Amino acid sequence: MGEILFSTCKDMLLQLDDLETLSEFREQVLFLFDKYFGLERSIFWLCREEGEIYSPVTRNTPEQSLRQYMSDYSDKDLLLPIRVSSLLSNTRVLRIEDMVSKQEYENSLFYNDFMKPGNIYHEMGVYLMNQNKPIGGQSAESLL
């Protein structure tokens, strides 16, 4: 198993090596995560100093869903960098299940008003850090 993971990571890094712009890099990361890990929908966002996310690049995410998330639901997201910053010194990958119980999640406004209507259940965040502060990351969702 370790050899397969190493080989996969090596292949991914080699495909990212010659990219020239941040935009190309973010799009390629999303493509590779989809290719190697089968992520159904994903977003690569940047993070301001105060923890606000911005400039999302997406893969397989409907534009309307992204607009709705950014305008009405991003502040309710349980994996928002500002909400999880205290955990990021020990880990760079979190799932909603790491934050709340299944019952709490399924009773939340975020799940019932945004995730469930979009047929989304699971969400995972991968955080990129610089000097112990989030500077960007990837959110991935899987459908019901």
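I started with Asp 98 and Arg 95, whose side chains meet in a salt bridge at 3.0 Å, N to O. This is a predicted model, so I keep that in mind for everything below. Asp 98 is at 37% relative accessibility, so it counts as partly exposed, and Arg 95 is partly exposed at 40%.

Next I looked up the total, and the structure holds seven salt bridges. One of them joins Asp 34 to Arg 59, with the closest N and O atoms 3.0 Å apart. That pair links distant parts of the chain, since Asp 34 sits in helix α2 (residues 22-37) and Arg 59 in strand β2, 25 residues apart. Arg 59 is partly exposed, at 27%.

I also noted Lys 76 with Asp 75, where the closest N and O atoms are 3.4 Å apart.

Then I followed strand β2 (residues 53-59). Strand β1 (residues 41-47) runs antiparallel to β2, joined by five bridges. Cys 47 stands opposite Ile 53. Five residues lie between the strands of this hairpin, and Gly 51 takes a positive phi near 95 degrees there.

Which other residues have a positive phi? I found Ser 55, near 50 degrees, and Asn 119, at about 60 degrees. I flagged both because most residues other than glycine have a negative phi. Ser 55 lies in β2, while Asn 119 is in the loop between α7 (109-115) and β4 (120-130).

Note on methods: Residues are numbered from 1 along each chain as its sequence is written. This is a predicted model: local features need pLDDT of at least 70, side-chain atom pairs count only at pLDDT 80 or more; totals for chains, interfaces and linings use all residues. Side-chain values use heavy atoms; hydrogens and water are left out. Helices (H or I, at least four residues) and strands (E, at least two) are DSSP runs, numbered from the N terminus. Two strands pair if DSSP finds at least two bridges between them. A salt bridge is a side-chain nitrogen of Lys or Arg within 4 Å of a carboxyl oxygen of Asp or Glu. Buried means under 20% relative accessible area, exposed over 50%, partly exposed in between (1.4 Å probe, protein chains only).
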